[in-house]
Amino acid sequence: MATESEVRPVRGKNKWSNIYLMLVFAVLYAPIFYLMFYSFNSGGAMRSFESFTLDYYKEVFADTRLLIIVLNTFVIALLSAAISTIIGVIGAIAIHHVRGNRPKQTLLTLNNVLIVSPDVIIGASFLILFTMIGIKLGFVSVLLSHIAFSVPIVVIMVLPKLQEMSSTLVDAARDLGASSWQVLSRVVLPFIKPGIFAGFFMALTYSLDDFAVTFFVTGNGFSTLSVEIYSRARQGVSLSINALSTLIFLFTIVLVVGYYFINQRNAKPSVKEGRG
């Protein structure tokens with residue numbers, strides 16, 4: 001049993017750790033809350049708050065071009081996340097079944113290249129590729145680029161769940177006469193479902209906030225939110241950008257909370273099974 005003299009240093013360390021975490025979160029979130037606060041400022045600048053107004057939010061919703069860009073952004077994000085999740089799950093299963101440590105590590109290294117490579121290099125590479133093969137810059141080029149950099153993320157999220165799965169589950173299913181498709185659909189996919197959801201939401205988030213790659217591969221007449229915000233910010237400070245950024249931030253919070261509750265719901269059956 002721990003003595004009081006042993007417990008005190010632990011409490012002191014926890015206290016300083018909590019203070020450090022609070023400072024880190026304050027540094028990260030202070031600029032965001034500053035931006036959100038002035039999105040309600042009627043003064044039109046981020047220097048002094050005059051009075052509360054929703055005019056800039058009304059301006060955002062009244063801008064037809066901006067609403068089309070928002071729609072483009074979400075269509076690209078949902079499509080790229082869905083397609084990259086399918087490809088990523090197939091890729092993760094294929095890598096998991098590769099025999100031999102060296103070939104598997106080689107495939108994992110190649111998979112991680114797109115994750116660790118600078119976005120500028122990836123964007124420039126895609127721009128050169130699409131120009132060479134004659135793909136017009138626009139919806140298709142942005143979609144293909146987002147799928148390409150999202151697939152490795154899905155693979156990374158799904159592989160740990162595959163590694164956690166015991167091979168005896170698959171063997172038992174085969175002994176009971178299950179076909180390869182039944183093993184995949186009724187054993188493997190249900191077990192790795194949390195990893196699939198995590199990969200989908202990560203791919204969705206990366207697609208929504210990507211700027212560097214999208215900036216290279218987007219063309220005239222097509223844009224996404226990140227590129228549009230950058231273009232408007234270059235023209236001068238406008239609190240409509242603050243309002244738009246606030247809406248995006250709140251939507252991201254909704255995604256994170258939704259992902260948390262999905263994880264909690266998936267975890268409850270596992271806990272019940274363990275108790276049973």
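**Exercise 1. Is Y29 buried, partly exposed or exposed?**

Task: Work out which class Y29 belongs to from its relative accessible area, and find the helix that holds this residue.

Solution: Keep in mind that you are looking at a predicted model.
- Step 1. Y29 has a relative accessible area of 31%.
- Step 2. Buried means under 20% and exposed means over 50%, with partly exposed in between.
- Step 3. Y29 is therefore partly exposed.
- Step 4. For its place in the fold, look along helix α1, residues 4-38, where Y29 is found.

**Exercise 2. How do α6 and α9 pack?**

Task: Describe the packing of α6 and α9 by angle and axis distance, then say which residues meet.

Solution: Two numbers get you started.
- Step 1. Two packed helices are described by the angle between their axes and the distance between the axes.
- Step 2. For α6 (residues 139-164) and α9 (residues 193-209), the angle is about 155 degrees and the axes are 8 Å apart.
- Step 3. Angles over 145 degrees count as roughly antiparallel, and α6 and α9 are therefore roughly antiparallel to each other.
- Step 4. Their crossing is right-handed.
- Step 5. On the α6 side, the residues in contact include H146, F149, I153 and K161; on the α9 side they include P194, I196, M202 and Y206.
- Step 6. Sorted by class, this contact has eleven nonpolar, five polar and one charged residues.
- Step 7. Now check burial within α9: among its buried residues are G195, I196, F201 and L208.

**Exercise 3. How do α3 and α6 pack?**

Task: Classify the packing of α3 and α6 from their angle.

- Step 1. Helix α3 (residues 64-96) packs against α6 at about 40 degrees, with the axes 6 Å apart.
- Step 2. That angle makes α3 oblique to α6.
- Step 3. The crossing of α3 and α6 is right-handed.
- Step 4. The contact of α3 with α6 has 19 nonpolar, eight polar and no charged residues.

Notes
Residues numbered from 1 in each chain as written. Predicted model: local features only at pLDDT ≥ 70, side-chain atom pairs only at ≥ 80, totals over all residues. Heavy atoms only, no water. Axes fitted to C-alpha atoms, helices over the stretch in contact; angles between N-to-C directions. Helix = DSSP H or I, 4+ residues; strand = E, 2+ residues; numbered from the N terminus. Parallel < 35°, antiparallel > 145°, perpendicular 65-115°, else oblique. Left-handed = near helix turned anticlockwise from the far one by under 90°. Contact = heavy atoms within 4.5 Å. Nonpolar A, V, L, I, M, F, W, Y, C, P; charged D, E, K, R; others polar. Buried < 20%, exposed > 50% of the residue type's maximum accessible area, 1.4 Å probe, protein only.
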